[in-house]
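Trainee: I am new to this entry. Could we look at it together and then go through it by question and answer?

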Amino acid sequence: MIGSGLGGMSAAAHLAVTGHRTLLLERYDVIGGSSHVYRRRGHWEADCGVHYIGDCGPSGQLPTLFRGLGLDDRIQWLPLDEDGFDTVVGPDLRLRVPFGWDAYLENLLAAFPGEERGLRRAVAIMRRIGGASDRSITPSSRAAMLRFARDCGAEAPWLATPYIAVLAGCGLKPRTILALSVQCGALASTPQAVSTAAMAGFLQNYVGGGAYYPRGGGQMLAAGFADVVQSHGGAIRSRAEVDRILIEAGRVTGVRLTDGEEIRSPVVVSDADIIRTLRDLVGYHHLPWSLAERVKRWKMSWPLINAVYGVEFDVTDTPNSNFYAIPSWDDAGSLLQLHRTVSQLLFRADRRDPVEWATDFARRQPAFVQCSTRRDPGHARSAPPGHATIQAQTIAPSDLRLWGAAGADIAGGDYRRRGSYREVKEIITSGLLQRIEQVYPGAAAKVVWSELGTPATQERFTHASGGNAFGLETRLSQVGPFRPGASTPVRGLFLAGTSTAWGPGTEGAMLSGLHAASAISGRDLQAEIRAGAVLADRARLTAWPAGFDPLAASQGLGRQQPRPTPATQR
């Protein structure tokens, strides 16, 4: 297993419980990939990537998956506000996005008077398409995708359009389109690029299934998977970077690490960046010509930059909601103006001076604002009493020229020493703080510490191409059957992660691992766990004591002391 993102961790856990000898290799010191947490100054904690997850009620996709691994009593889901788990905030707008499609439509009609006909039509389209899809089953085969298109009925033609086509085709005003499209950032995309099917799936997950956060933070997920792997005979090694997937006569024979060590295995699952996997670890010469050419044309999702602020600010009485903050309506005069703005800030940004671009970006770019301290008030590591860890996140270009670090070495971290790079970071960090001020008035003046993770940060730590957040972009040519599945043309090589058919986000990653394990084992593990099977032996799992620290349990694996005694032997 290459890579300990949630796709790799899920695959490793499901393989271990089905009797396969499993070794997971992670180049970094902490497992979890983009789901891991980090700490600052001894009493602040921030999530890198797990901010909220949809459809985690008792019969939801992920509770079912964790129940099948015997982790349902350890991974607990905290619901966000059902009346508004997301809130879109503009200068004169406060649109609460609730659980339930009918409630969602009611809120839209109240927020945008005079657009009832278009809003009813848009919601009907997205609801029909979202409801026709099963996030785990639909992308698993061409036959399932055909059934999905059939079940969409009269709305099926919209599957061949980007999301903005639905909003514009329903006659909505540019201001309304901007307000309804900021959530595309949750898929690391734009309304011009993201497919209607992908956006409908997102809305179905959250509006149709509710929004949740794992108690104890995102690191709990990786820690749970790791316990399953290790307690069922598998092993995990951190600081073990793979340099090459070994292939002989069209079949996998193992991997070679950067230190020269070779590990033999007839099966390899890669949860690493898909382009790096196929181009660098495998090599185009081992792939069919058609696949190699496809890889060269693939478009990765946008990077997500993440500004984190430790704030002396009590969030106890604030809404338990995420926020999408729009700084102004200046760019919503027309659809053409919206398109030009995206082009100026993202697509053609590399033609501009770094400071000029950063200043413009900081002033105009909407952002996703979330507070883990509010979502999990019982999590003492999040922030000191009376304080909060608040994050502002948005998509951004990865070009180092824009970040004032043209030609710098990302792997070696040279970019961090550039004065121009630090200047651009300061400008954007200050700008994103204003998005937080929109949501939490008074918070901007009470910042204790802050830092910004850039696309270069993401690429250095995760080896994601261009610092992308969610693998392949969910554009029309890269969704459903046009994305890679678990199997590959190289015998013994399998894929997991957000670039596969199961798509972006925490849920897509974990489902990809489940299906990779199914392909390897020859069993329909999804059907088994939905039927109630518990694949893991609960008696072999280790006991998590009160105050369990998932980060400590996720560090330095493979170099630690012997594992704790199983719960049944204490």
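Mentor: A salt bridge here is a side-chain nitrogen of Lys or Arg within 4 Å of a carboxyl oxygen of Asp or Glu. The model is predicted, so local features need pLDDT of at least 70 and side-chain atom pairs count only at pLDDT 80 or more, while totals for chains, interfaces and linings use all residues. Residues are numbered from 1 along each chain as its sequence is written, and side-chain values use heavy atoms, with hydrogens and water left out.

Trainee: How many salt bridges does a search of the whole structure find?

Mentor: The cut-off is the one just given, 4 Å from nitrogen to carboxyl oxygen. Searching the whole structure gives a total of 32.

Trainee: How many residues apart are Asp92 and Arg175?

Mentor: The side chains of Asp92 and Arg175 form a salt bridge with an N to O distance of 2.7 Å. Asp92 is in the loop between strand 6 and strand 7, and Arg175 is in helix 7 (residues 174–181); helices (H or I, at least four residues) and strands (E, at least two) are DSSP runs, numbered from the N terminus. The pair links distant parts of the chain, and the separation is 83 residues.

Trainee: Which are the edge strands of the open sheet of seven strands?

Mentor: The seven strands have the order 7-6-15-16-17-14-18, with mixed pairing; two strands pair if DSSP finds at least two bridges between them. An edge strand pairs on one side only, which here applies to strand 7 (93–97) and strand 18 (447–453).

Trainee: Which residue stands opposite Leu304 in strand 17?

Mentor: Strand 14 (residues 304–311) and strand 17 (residues 388–395) run antiparallel and are joined by eight bridges. In strand 17, the residue facing Leu304 is Ile395.

Trainee: How many residues of the contact of helix 2 with helix 17 are nonpolar?

Mentor: Helix 2 (residues 61–68) and helix 17 (residues 505–521) pack at about 40 degrees with axes 11 Å apart; axes are lines fitted to C-alpha atoms, for helices over the stretch in contact, and angles run from 0 to 180 degrees between N-to-C directions. Gln61, Leu62, Leu65 and Phe66 of helix 2 touch Glu507, Met510, Leu511 and Leu514 of helix 17, with contact meaning heavy atoms within 4.5 Å. Ala, Val, Leu, Ile, Met, Phe, Trp, Tyr, Cys and Pro count as nonpolar, Asp, Glu, Lys and Arg as charged, and the others, Gly among them, as polar. One residue of this contact is polar and one charged, and the nonpolar ones number six.

Trainee: Are helix 13 and helix 15 roughly parallel or oblique to each other?

Mentor: Helix 13 and helix 15 pack with axes 8 Å apart, at an angle of about 10 degrees. Angles under 35 degrees count as roughly parallel, over 145 as roughly antiparallel, 65 to 115 as roughly perpendicular and the rest as oblique. Helix 13 and helix 15 are therefore roughly parallel.

Trainee: Are helix 12 and helix 13 roughly parallel or oblique to each other?

Mentor: The axes of helix 12 (residues 335–347) and helix 13 (residues 354–364) come within 10 Å and cross at roughly 130 degrees. Helix 12 and helix 13 are therefore oblique.
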